[in-house]
Amino acid sequence: MSLVELAQVILIAGLSLLSSLVVVLFIIQKAITSPFPVIKRRKEETHFLDPIAIQNVNFPSISDAPTLDLSVIIPAYNEEQRLPKMLEECVGFLEEKSRDNSFTYEIIVVSDGSSDGTVSLALKYSKRYTVDKFRVLELIENRGKGGAVRLGMLSARGRYLLFADADGATKFSDYDKLDQSINNISKDWQSDAIVVGSRAHLEQEAIATRSLFRTFLMHGFHFLVWLFAVRSIRDTQCGFKLLTRSAANTLFKNLHVERWAFDVELLYIAERLKFPIAEVAVTWKEIEGSKLTPVWSWIQMGVDLFLIWFRYTIGAWQLYDQNKEHSS
């Protein structure tokens, strides 16, 4: 057998094996996945504590009409150390903005199964500013950042909803940039739109301070995001995103991924639904204490990216029908 014939045999065998693996993966994914997210929420997670009245109060639903301008959702997993600085900046900005009574807001800290003093810390702010402005959603078990953000969003009262990381890496006053941008691409809160805070303009500076290996991981991740999911946004992972209430209602009821790659699925869905999306540069600085484990987290996100693309492509995941409910 000549080398050419041997190469052809190997190629055919390889393609056959690959085809078999795809078929097996197709069958497995169809069998084990639900086409719509099953949003699980324990009874204890449907209410918040009013530390002044010492009583539990039920959260509203995002399906209800909004009653204030902005809801800020802050997912927090064991953030007792980093959360105070972020909250001081966040509350200070929002309090100043609300002084003329034309702007109303709420903050919802979602403790994602924290085992430290995150909940106690957040409740102090709830007592200081009252539950009209500050609420704490305590999840019994760790869901992952996407799961925590989703339940916070589904419990919000705002016409517009912002989720912001608990580490305070993004300058909170950059909210004004996102607010201006979302008003440019949407009529009001009943329109669908999302604005993404972006660190893409800081990429060259980041490369200069990172190791070659971490730079390689960063570029590899960006390529996988572009290949499998999101084409219109350069930075999908910045934890500073503003949505209209209508968009949040649709996107978070469609969301399957509850770990770090949830941002990518969120934007993937938005692109598929042709929602207006804008990317706005924000001020950002790296804060110590990240929960990401560089290599393992990137591997997890890489697998999630492929599965997002594959599951939607084969129809194992489908887009939410607004006329039906798929939660329990």
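1. Two strands are taken to pair if DSSP finds at least two bridges between them, and helices (H or I, at least four residues) and strands (E, at least two) are DSSP runs numbered from the N terminus. On that basis strand β6 (residues 158–164) and strand β8 (residues 240–244) pair in the antiparallel sense over 5 bridges, with Phe 240 in β8 as the bridge partner of Ala 164.

2. This is a predicted model, in which local features need pLDDT of at least 70 and side-chain atom pairs count only at pLDDT 80 or more, whereas totals for chains, interfaces and linings use all residues. Residues are numbered from 1 along each chain as its sequence is written, and side-chain values use heavy atoms, with hydrogens and water left out.

3. For the chain as a whole, the assignment gives 10 helices and 9 strands. Of its 328 residues, 48% count as buried, where buried means under 20% relative accessible area, exposed means over 50%, and partly exposed lies in between (1.4 Å probe, protein chains only). With contact defined as heavy atoms within 4.5 Å, 82% of the contacts between residues at least 6 apart in sequence join residues at least 24 apart.

4. The pair β6 and β8 belongs to an open sheet of 7 strands, with mixed pairing and the order β5-β4-β3-β6-β8-β7-β9. Its edge strands are β5 (134–139) and β9 (277–281), each of which pairs on one side only. The twist averages 20° from one strand to the next, angles running from 0 to 180 degrees between N-to-C directions, and axes being lines fitted to C-alpha atoms, for helices over the stretch in contact.

5. Helix α3 (residues 118–129) packs on this sheet, where it touches β3 (68–76), β4 (105–112) and β5, and its direction makes about 155° with that of β5. Helix α8 (residues 245–254) also packs on the sheet, touching β6, β7 (194–198) and β8, with a direction at about 105° to that of β8.

6. Leu 49 stands opposite Asn 56 in β2, and among the 4 residues between the strands, Ile 54 takes a positive phi near 55°.

7. The structure holds 17 salt bridges, each being a side-chain nitrogen of Lys or Arg within 4 Å of a carboxyl oxygen of Asp or Glu. One of them joins the side chains of Arg 42 and Glu 141 (2.8 Å, N to O); Arg 42 lies in the loop between α1 (3–32) and β1 and Glu 141 in the loop between β5 and α4 (145–153), so the pair ties together parts that are 99 residues apart in sequence. Arg 42 is partly exposed, at 36% relative accessibility, and Glu 141 is partly exposed as well, at 46%.

8. Two further salt bridges involve buried residues. Arg 82 and Asp 167 are both buried, and their closest N and O atoms are 4.0 Å apart. Arg 82 lies in the loop between β3 and α2 (83–97) and Asp 167 in the loop between β6 and α5 (175–185), so this pair ties together parts that are 85 residues apart in sequence. Lys 241 and Asp 263, likewise both buried, form a salt bridge whose closest N and O atoms are 2.8 Å apart; this pair links strand β8 to helix α9 (residues 262–272), the two residues being 22 apart.
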